[in-house]
Amino acid sequence: GLGDVYKRQALKDAIGHLTPRERSILMLRFGQGKTQMEVSAEIGISQAQVSRLEKGAIRSIKKEL
């Protein structure tokens with residue numbers, strides 16, 4: 001329904017406000033189903049950083065929805 005359209009747009013907007021690095025982490029993690037270890041190897045940052053960035057990105061998305 002119409003509510004879903006608004007939700008989807010809100011999600012797009014929220015994702016649009018992330019940094020490119022946060023976006024690419026979310027894409028690799030949830031779009032391609034990679035582990036944090038795989039993402040860290042691919043982007044060249046530590047797994048701890050991937051975890052922290054992922055948490056922050058999800059938190060900022062939730063805040064906007």
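Q: To start with charge, how far apart are the mean positions of the positive and negative charges of the protein chain?
A: In this predicted model, the mean position of the 12 positive charges and that of the 7 negative charges of the protein chain are 3 Å apart.

Q: What does the C-alpha trace span along its principal axes?
A: The C-alpha trace of the protein chain spans about 40 × 20 × 15 Å along those axes.

Q: Let's look at α4, then: which of its residues are buried?
A: The buried residues in α4 are V50, S51, L53, E54, A57 and I61.

Q: What do those buried residues pack against?
A: The buried residues of α4 pack against α1, against α2, which covers 20-31, and against α3, which covers 36-43.

Q: What span should α4 have, and how far apart are its ends?
A: Helix α4 has 18 residues, so at 1.5 Å a residue it should span 26 Å, and its end C-alpha atoms are 26 Å apart, which agrees.

Q: Back to E54, a charged residue on that list: why does E54 count as buried?
A: E54 counts as buried because its relative accessibility is 8%, and buried means under 20%. Its place is in helix α4, which runs over residues 47-64.

Q: What does E54 touch, leaving out residues up to four places away in sequence?
A: With those left out, E54 touches I25, L26, R29, F30 and Q36. The side chains of E54 and Q36 are also joined by a polar contact of 3.3 Å.

Q: Changing topic, where does G16 lie, and is G16 buried or partly exposed?
A: G16 lies in helix α1, which covers residues 2-16, and G16 counts as partly exposed because its relative accessibility is 46%.

Q: How far is G16 from I43, in sequence and in space?
A: G16 and I43 are 27 residues apart in sequence, and their C-alpha atoms are 20 Å apart in space.

Q: One last thing about contacts: of those between residues at least 6 apart in sequence, what share join residues at least 24 apart?
A: In the protein chain, 50% of those contacts join residues at least 24 apart.

Methods:
Residues numbered from 1 in each chain as written. Predicted model: local features only at pLDDT ≥ 70, side-chain atom pairs only at ≥ 80, totals over all residues. Heavy atoms only, no water. Contact = heavy atoms within 4.5 Å. Lys, Arg positive; Asp, Glu negative; His and termini not counted. Charge placed at Lys NZ, Arg CZ, Asp CG, Glu CD. Helix = DSSP H or I, 4+ residues; strand = E, 2+ residues; numbered from the N terminus. Buried < 20%, exposed > 50% of the residue type's maximum accessible area, 1.4 Å probe, protein only. Polar contact = N/O pair within 3.5 Å; in protein donor to acceptor, adjacent residues only side chain to side chain. Expected span 1.5 Å × (residues − 1).
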